[in-house]
Amino acid sequence: MAGGYGRSLPTYSSSLPGSNRKGSKRRSAGKSPPMFSWSWFVRPRTYLTLASVVFTFLFLFQGGFIVTSISKATRKNPGQNLSSILESQLRKKVFEGKRNGSSAHVGEAVVDITMKALYDRIAFDDRDGGAWKQGWDVRYDGPEWDEEKLKVFVVPHSHNDPGWIRTVEEYYQERTRHILDTVVASLLKDPRRKFIWEEMSYLERWWRDATPQSKEDLKRLVKSGQLEIVGGGWVMNDEANSHYFAIIEQMTAGNLWLLDNVGVAPKNSWAIDPFGHSPTMAYLLRRMGFHNMLIQRTHYEVKKELAWNKNLEFNWRQSWDFDNSTDIFCHMMPFYSYDIPHTCGPEPGVCCQFDYWRSPGRAGYCPWNKQPQTITDENVKERAELLLDQYRKKSVLYRSNTLLVPLGDDFRYIEMAEADLAYENYQKIFDYVNSHPNLKAELKFGTLEDYFSTLRQEATKKTTTKEFSNSPLSVPGFPSLAGDFFTYADIHQDYWSGYYVTRPFYKAVDRVLEQTLRAADTLFMLARAFHGNEIATLSGDVLERQRRNLALFQHHDGVTGTAKDHVVVDYANKMHDGIVELESLMAASVGEILGQKVRSTPHLFESVELRKSYDMLPVSKVVEIKNFKVQRVVFYNPLEETLQQVAMVMVDNPAVCVFDSLGKPVQSQLSPDWGAGITASFTSKNHRLHFPVTVSPLGLATYLITADTDNCDTASLSSVSVFNEPRDFMCPDPYLCTYHPGGHERVSISSSQQSLVFSTQTGLLMSHKSSNGNELPVEEEIAMYTSQGSGAYLFRPQGEAAPLVQSGGLVLVSKGPLVEEVHSVPKFNTLAPLVRSARLYAGKTIQAASAEFEYYVDFARNEFNDRELITRFKTDLNNKRIFYTDLNGFQTMRRETYSKIPLQGNYYPMPSLAFLQCPGGRRFSIHSRQALGVASLHKGELEIMLDRRLIHDDSRGLGQGIMDNRPSRVVFQLLVERNTSFSSPASDFHSKVPSLLSHLVNDQLNYPAHLFFDTPQPFTSIQATTLNNDMDTSFAPLRNSLPCDLHIVAMKTLRPSQASPGEDYTHGVLFHRRGVDSSYPMSDSITCSTMEKQGFDVFTLFSPQIDITKLRKSSLSFVHTDGREVTLQKDAAHRKLGLGGAFVGRSEGLLDLSPMELQAFKFKIKSVG
């Protein structure tokens, strides 16, 4: 998204909001630099070097190791200083620990630039830089190119949003199909012409319509290098809200289509429009086989600082990477936008004169009052020198003599006339410059591959020293950088933190589609693996179709919520239909796996959730307790750990019993269904039936629900306490309600692991107490911002959020043996925007370790216009306004609240987790099942935005406010932990990682069990039901639970194209070894082992009925294959014992994976029988 064709051009005024302000290396005379030169002692590398010295002595002092190492090193390198020796020894030791898999420690990378150091130094004073509004007056001397001429690659491109102002299909029909036709025809005219293309969603759509000749032409252009596919994802995904699973899926969908149809795999990434950039994306690209990447939208003050020091190109390293193996070379564009006025150089008024489609009588104009001129013999000298001057000024912002100049904008080159204007006029300029050696420049059209390969050659030639790097993709002579680029600001301290929360209903639907696709992928694969490859009732086409629907919504105007209303409806309908279709596929898979021993009784499974419309919350189907029927409920556990939790099913009658599949009674509890409204009146006549379940990893388990019988344990009724009841409140039958008219200020709920205290006047949380007696004050607030110009992208509050809740709201407390709950209908000084339920579950389980907070939010009222709703938790933890948020559900990033940055700039994306802690180690975490925005504006506080309703457009091209709010459920898991050991170096300067318990809580929240109803069967007795069962009742496909820090990100059946030539791999699996803070222990009641203690052999993944016979490492997208094939050999005698065979050379299958890393495998299986 930018201000260009397809989007309204920015309106320029004296403040020049569309004009740039960024920097260069050459200072203008008499102009002060952006900041003074800091001494050696405050450089980020210095901090890390000094820290390395300390940590080396603390942790590596083993029998003279240091002294011996120093002695040897100084003999070999007499000039080497002590700190560099110690640093290298530390890194060597850590690298060896990672390499042999013995280390579970998640540490810090040693880098030249950290984003924390940049933010500490930058003044964020928004100075006016002149023609380059966000920079300075860039100059150059001239002799810079005496020894080596400037090499300029002009890269034509067209940015095509798969949905924004129009739907993806509307854009395709009106614009994109013509653009691709134009590109192919134009490139065929002249082999010197080049072009790059990014979005595979559009290329696939064009491919369906293209003639055979057009397809062959495109393939030939790609093969010749005239046309480069960059990125090659289904879309150019958002990097703030998207989960890493969804990013991998969208990249895989696009890259595999490209490989299938065009026969290439991209090497260079192009991300010019996401609103901020995540290091997760850099890591995923690196592990997918990419070599280089380009980004654009970063804070203008960050660009200015990097440009001043010629650091706009860097080796982007993960902050936890000890051995530099994650480095990927990154180019950051320096100016305001990616349109033509802001890409040739620092002066947009000059660059716009070379956007030839803005020529008089054409499609646009230049708002700087100087229009493009067609190149002629008479003006070519003046025009060429003017443009070359901009190229030179831009080049001094970078370290090399190789320069990248994009040439394009949104939906450009629709007509052949536009393409010809650009190519012909630029070629004349190129010819002139190239024919005049005195200009010391070579200009040509190019692609990203042309640029990056030339730059790498130049860097290799100039490098004289060997740099420490374990990454062959690092470019020598360029700095390393760790950190992220959030929160993005483009001009005048306008921070793009609003889109973290915009349209939260659809952000939640995105996560449901994601976890349903993951579960369906796995269940479908298991059904085929255990019951043969030919299953008539199942079709993998459903998976591919819905993978593309999930991929489409990851577009940076999709999951962000920043599209027109009708476009959002288009996205939402696709996601809704996808969820319904995937749930049907899963139900069919359950039927195939459990099978039917007798075909006389039909079994048709269906999902327990009923989804009526794209814009409505799902409702749970209700078990009807009547007519002597038994209702089988099948649970599917999508996680790699055994699932033990209290489940909930809706029933219409309280006289109900629960049995397991063997006919054993199961303890159960009934609680009132308080309904989903925001009023105090009770309307639902159904009941919530709670009972404990246990389900094998990736397995199925069956439970039976019947009417009350003589030999069962009838479900117990919850006790209900009522505070501040309104006149129209009626106690639901058959529950006994106790009324408390006054005198009670507090009420608590508890479990064996914790208790929560609430105010009886507001229903809001007051404190948390652990089972060991440690108490943490936690004050819950509901508050609202009043905005001044907030829109879909921007957050512009008028001061801080004001608390809303008054005393006197209805508070309902229900308690039973399995669940205790506080349901609060707060009293507001406005119309009620929400109700909140807080729950604690019984047991010694992962579920019971955290507190569940569910907010039912209804912000779809005009009374909330230009308001933004938050929930805030205030603790006594002295976090010094430092907190931590996750990035894409993959890693965590340190955040600091800066007084020099406005409130909205201190908001950050929270895809699934935020936490804060005090120096003593007490930690307060909030886990979320959808993407939102979070801040810690004051000591000990975390606030999370729940919804926003905005009348006005924020002048970023959308042209509307956000008024299509939908009632939504926002669910958090709150976790309070205390560390018990100091197992790793800790500092407020470093990012921290979640505990093992935190990871497991997050897994159960974001990958919940899926429930399916069987067709109700006649019931005479539980004995008859279990003895005459005509189906299997359980399924356990894995040999054991995996180590608790090892997560199966995806498991799927591979398409034929995902196997390299000559291979016959049929399946794929993707593992993630989580980074764990081991100073926060698991509860003694929860059995859990880790990779460090247990290890894992991939050959032992499945139960003895299935053998993995071949195994090979792969890129994350399954496009590239790494390493040699590993083949399993079995001992036949051992197989006869039913143990699946003994492994010969088992170490070959051992998973050697460092903390934080991902690894994919392709494999082939066979049934042992």
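Predicted model: local features only at pLDDT ≥ 70, side-chain atom pairs only at ≥ 80, totals over all residues.

User: You mentioned α15. Which strands does α15 lie across?
Analyst: Helix α15 (residues 504-531) lies across β46, β47 (1067-1073), β48 and β50 (1158-1167). Its direction is at about 60 degrees to β46.

User: In what order do β46, β47, β48 and β50 come in their sheet?
Analyst: They belong to an open sheet of 5 strands, ordered β46-β47-β50-β48-β49, with antiparallel pairing. At the edges are β46 (1046-1053) and β49 (1121-1127), each of which pairs on one side only. From one strand to the next, the twist averages 25 degrees.

User: How many bridges does β47 share with β46, and how many with β50?
Analyst: With β46 there are 7 bridges, in the antiparallel sense. With β50 there are 6, also antiparallel. To find these pairings in the viewer, look for H1047 opposite H1072 in β47, and for H1067 opposite F1163 in β50.

User: Are the faces of β47 covered or open?
Analyst: Both are covered. H1067, V1069, F1071 and R1073 are buried on one side, and G1068, L1070 and H1072 are buried on the other. In a regular strand, side chains alternate between the two faces of the sheet.

User: What about the other end of that sheet, how do β48 and β49 run?
Analyst: Strand β48 (residues 1106-1114) runs antiparallel to β49, and 4 bridges join them. S1114 stands opposite T1121 there.

User: New topic. I see a sheet with β24 at one end; how many strands form it?
Analyst: That open sheet has 11 strands, in the order β24-β23-β30-β31-β32-β33-β42-β39-β38-β35-β36, and its pairing is mixed. The edge strands are β24 (737-740) and β36 (891-896). The twist here averages 20 degrees from one strand to the next.

User: Can you zoom in on one pair, say β30 and β31? How do they run?
Analyst: They run antiparallel, with 8 bridges joining β30 (residues 805-815) to β31 (residues 819-828). K815 stands opposite E820 in β31.

User: Where is N865?
Analyst: N865 sits in the loop between β33 (851-857) and β34 (867-875).

User: Why does N865 count as buried?
Analyst: Because its relative accessibility is 16%, and buried means under 20%.

User: What is N865 in contact with, beyond its neighbours in sequence?
Analyst: Leaving aside residues within four places in sequence, N865 is in contact with R949, I951 and M963. Its side chain also makes a polar contact with the side chain of R949, at 2.9 Å.

User: Is G263 buried or exposed?
Analyst: G263 is exposed, with a relative accessible area of 51%. G263 is found in the loop between α8 (244-261) and β5 (268-271). Although V222 is 41 residues away in sequence, the two C-alpha atoms are 9.3 Å apart.

User: Now the helix α5. Where is its kink centred?
Analyst: The kink is centred on E174 and is about 45 degrees. α5 (residues 168-189) has 22 residues and reaches 29 Å from first C-alpha to last, close to the 32 Å expected. Its buried residues include V168, Y172, I179 and L187.

User: And β9, how does it pair with β2?
Analyst: They run parallel, with 9 bridges joining β2 (residues 150-159) to β9. S158 stands opposite D409 in β9. Strand β9 (residues 402-410) is mostly covered, with 9 of its 9 residues buried.

User: To finish, how many helices and strands are in the protein chain?
Analyst: There are 21 helices and 50 strands. The chain has 1169 residues, and 63% of them count as buried. Among contacts between residues at least 6 apart in sequence, 77% join residues at least 24 apart.

How values were computed
Residues numbered from 1 in each chain as written. Heavy atoms only, no water. Pairing = 2+ DSSP bridges. Helix = DSSP H or I, 4+ residues; strand = E, 2+ residues; numbered from the N terminus. Axes fitted to C-alpha atoms, helices over the stretch in contact; angles between N-to-C directions. Buried < 20%, exposed > 50% of the residue type's maximum accessible area, 1.4 Å probe, protein only. Polar contact = N/O pair within 3.5 Å; in protein donor to acceptor, adjacent residues only side chain to side chain. Contact = heavy atoms within 4.5 Å. Expected span 1.5 Å × (residues − 1). Bend = angle between axes of the 7 residues up to and from the residue.
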